[in-house]
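Please keep the sequence and the model in view while reading.

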Amino acid sequence: MILIIDFGSQFNQLIARRTRECGVYCIIEPPTISVARIRELNPKGIILSGGPASIYEKQSPRAEAAIFELGIPVLGICYGMHFMADSLGGEVKQARKREYGFAELRIQKSDGLFTNIPNESQVWMSHGDSIAKLPPGFEVIAATDNTPVAAMADIQRRFYALQFHPEVAHTLKGTQMLRNFLFEVCGCQRNWTMKAFAKEAVAEIRQRVADRKVILGLSGGVDSSVTALLIHQAIGQQLTCIFVDNGLLRKNEAAKLKKTFHEHLKINIRHVNASKQFLKALAGVTDPEKKRKIIGKVFMDVFEAEAKKIKGAEFLAQGTLYPDIIESRSAFGGPTSVIKSHHNVGGLPKRMKLKLIEPLQYLFKDEVRKLGAQIGLDPDLIWRQPFPGPGLAIRILGAVTEKRLNVLREVDAVLLEEIKTAGYYRKLWQSFAVLLPIKSVGIMGDSRTYEDIVAIRAVTSKDAMTADWAKLPHQLLGRISNRIINEVRGVNRVVYDISSKPPSTIEWE
Ligand code: XMP
């Protein structure tokens, strides 16, 4: 295992993902982690992440300097490099020029970290400070035009540090450098696989739950589906899933979900049709945040009422992922709060005195998909595009009514069918339709129409933090528009959203 100490860099999750892609398990911990705890964890190596602070500022985050006395290899990146230098007797100063972007790295010593890396290669820099004096025992192992100490090492103690970011794709040989650190320097083994993870997780759940009962809120998204299947493999019928149909789902979604989970996987599932309750609470509401709050509250009420019917349940399972946990604690090591607010059941464990089970809490999304495939989840569910909890309610601008929901459902079904047929579904992060609160004039046959407009939104993204509008072929867009206008009554115009995030968001509300 590799321990990553998080100094607050926006790239620290990337370091973790790259490490795991190399087949090595790693965890991210705040700088407040104690040396005693690190000894317990017994990592093969430590990576000190970058971060926005300057090491010479009073409030800058620090780990215990004793981490350098454990005899474990350490790799410092950017701020992590500065922390290493400062802790070991070197000096860090504000650089004459802030450096941001590409630089040409010239390697001066190529064993260890730089094994099999060409003498010159492109790296990516983002820093205002740099090393002014090496700590005793260190030597420069690479430089760039602006940064004389672009990389330093104390090879004997196996300490390495980089001023640039090896984890970003712009550093062309970055992954190779990380690989060298893991395998050449730390002697890690490539043993992090989803097969091994599934086996361990199932055993762990079985042991923890024993003969008791677990409930789980199933949404049909990949996270809750994988959680359900994993727990089912561990404890079978002791798991009951609650699926709340809020009436804001896509066409046939509820039926499909019931079929997969109940008929194919033989998982206990309680289907609560609460559409009327949701629609009643939403009547006349147009403000997006109000819609979300109402939907969240009704969901809690419905879920709790149903959960209470399952006598003797002691655990609540959730599909919380590792990024939720990392993002919900501060870079400076504050207390962690592990429940994502839009998970909806946030307050429930406490209210109902349930213990949480979160088997995916150390996994990233791509790993959850691999795990899903490993444990035999239907590929259609594994590759489902994300769908927001408030569902179609935030894709109908203005008030939500049964009639407008039906229009949007039909439009959405046509859109998805075309996107899937054209082979674009998995290439897109999300693709959906939005029903606008305005009407426009059209002409059909011999008469004028005055009907609804829908906007099509299709984006590519890696994590929903940023997104690009998808450059779908004009022919495909044409087919989608034709079919929607011909097949869905009440719509006479289709527009395509060509805005990226930021400054726009993915959803319209
Ligand atoms: P935005 O619109 O903020 O969306 O760019 C980013 C991602 O989050 C999803 N999203 C939500 N998911 N409840 C959810 O469960 C919500 O209230 C919500 N709002 C947005 C959105 O679909 C996208 O994937």
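## Asparagines with a positive phi

At 67% relative accessibility, Asn116 counts as exposed, a term that stands for over 50% relative accessible area, whereas buried stands for under 20% and partly exposed for values in between, with a 1.4 Å probe and protein chains only. Asn116 lies in the loop that links strand E5 (91-107) to strand E6 (120-133). Although Asn116 is not a glycine, its phi is positive, about 60 degrees. Helices (H or I, at least four residues) and strands (E, at least two) are DSSP runs, numbered from the N terminus.

The model is predicted: local features need pLDDT of at least 70, side-chain atom pairs count only at pLDDT 80 or more, and totals for chains, interfaces and linings use all residues. Residues are numbered from 1 along each chain as its sequence is written, and side-chain values use heavy atoms, with hydrogens and water left out.

Asn42 is not a glycine, yet it has a positive phi of about 55 degrees. This residue is placed in the loop between helix H2 (35-41) and strand E3 (45-48). Asn42 counts as exposed because its relative accessibility is 59%. Most residues other than glycine have a negative phi, and most peptide bonds are trans.

## Cis peptide bonds

Where are cis peptide bonds found in the segment of Pro502 and Pro503? The bond from Lys501 to Pro502 is cis, with omega near -15 degrees. Another cis peptide bond joins Pro502 and Pro503, with omega about 5 degrees. Pro502 is in the segment after strand E18 (491-496), and Pro503 is in the segment after E18 as well.

## Cysteines without a disulfide

The structure holds zero disulfides, a disulfide being a pair of cysteine sulfur atoms within 2.5 Å. Cys78 is in no disulfide, and the nearest cysteine sulfur, that of Cys26, is 19 Å away. Cys78 is buried, because its relative accessibility is 5%.

Cys186 counts as buried, at 6% relative accessibility.

## Buried residues and their neighbours

Gln318 is located in the loop between strand E13 (313-317) and helix H10 (322-327). With 5% relative accessibility, Gln318 counts as buried. The side chain of Gln318 is joined to that of Glu358 by a polar contact of 3.2 Å. A polar contact is a pair of N or O atoms within 3.5 Å; within protein, one must be able to donate a hydrogen and the other to accept it, and residues adjacent in sequence count only if both atoms are side-chain atoms.

Ile267 is in the loop between helix H7 (253-264) and strand E12 (268-273), and it is buried because its relative accessible area is 1%. Not counting residues up to four places away in sequence, Ile267 touches Ala228, Leu229, His232, Leu239, Cys241, Phe261 and His262, where contact means heavy atoms within 4.5 Å. Ile267 and Leu229 are 38 residues apart in sequence, and their C-alpha atoms are 8.0 Å apart in space.

Thr260 belongs to helix H7 and counts as buried, at 12% relative accessibility. With residues up to four places away in sequence left out, Thr260 touches Leu265, Asp378 and Leu381.

Which residues of helix H12 (residues 365-374) are buried? They are Glu367, Val368, Arg369, Leu371 and Gly372. Their cover includes helix H1 (12-21), helix H5 (194-209), helix H6 (222-235) and helix H13 (379-382). After H12 comes Gly376, with a positive phi near 85 degrees.

The axes of H5 and H12 come within 9 Å and cross at roughly 75 degrees; axes are lines fitted to C-alpha atoms, for helices over the stretch in contact, and angles run from 0 to 180 degrees between N-to-C directions. H5 is therefore roughly perpendicular to H12, as angles of 65 to 115 degrees count as roughly perpendicular, those under 35 as roughly parallel, those over 145 as roughly antiparallel and the rest as oblique. Met194, Lys195, Phe197 and Ala198 of H5 make the contact with Glu367, Lys370, Leu371 and Gln374 of H12. Among the residues of this contact, four are nonpolar, one is polar and three are charged. Ala, Val, Leu, Ile, Met, Phe, Trp, Tyr, Cys and Pro count as nonpolar, Asp, Glu, Lys and Arg as charged, and the others, Gly among them, as polar.
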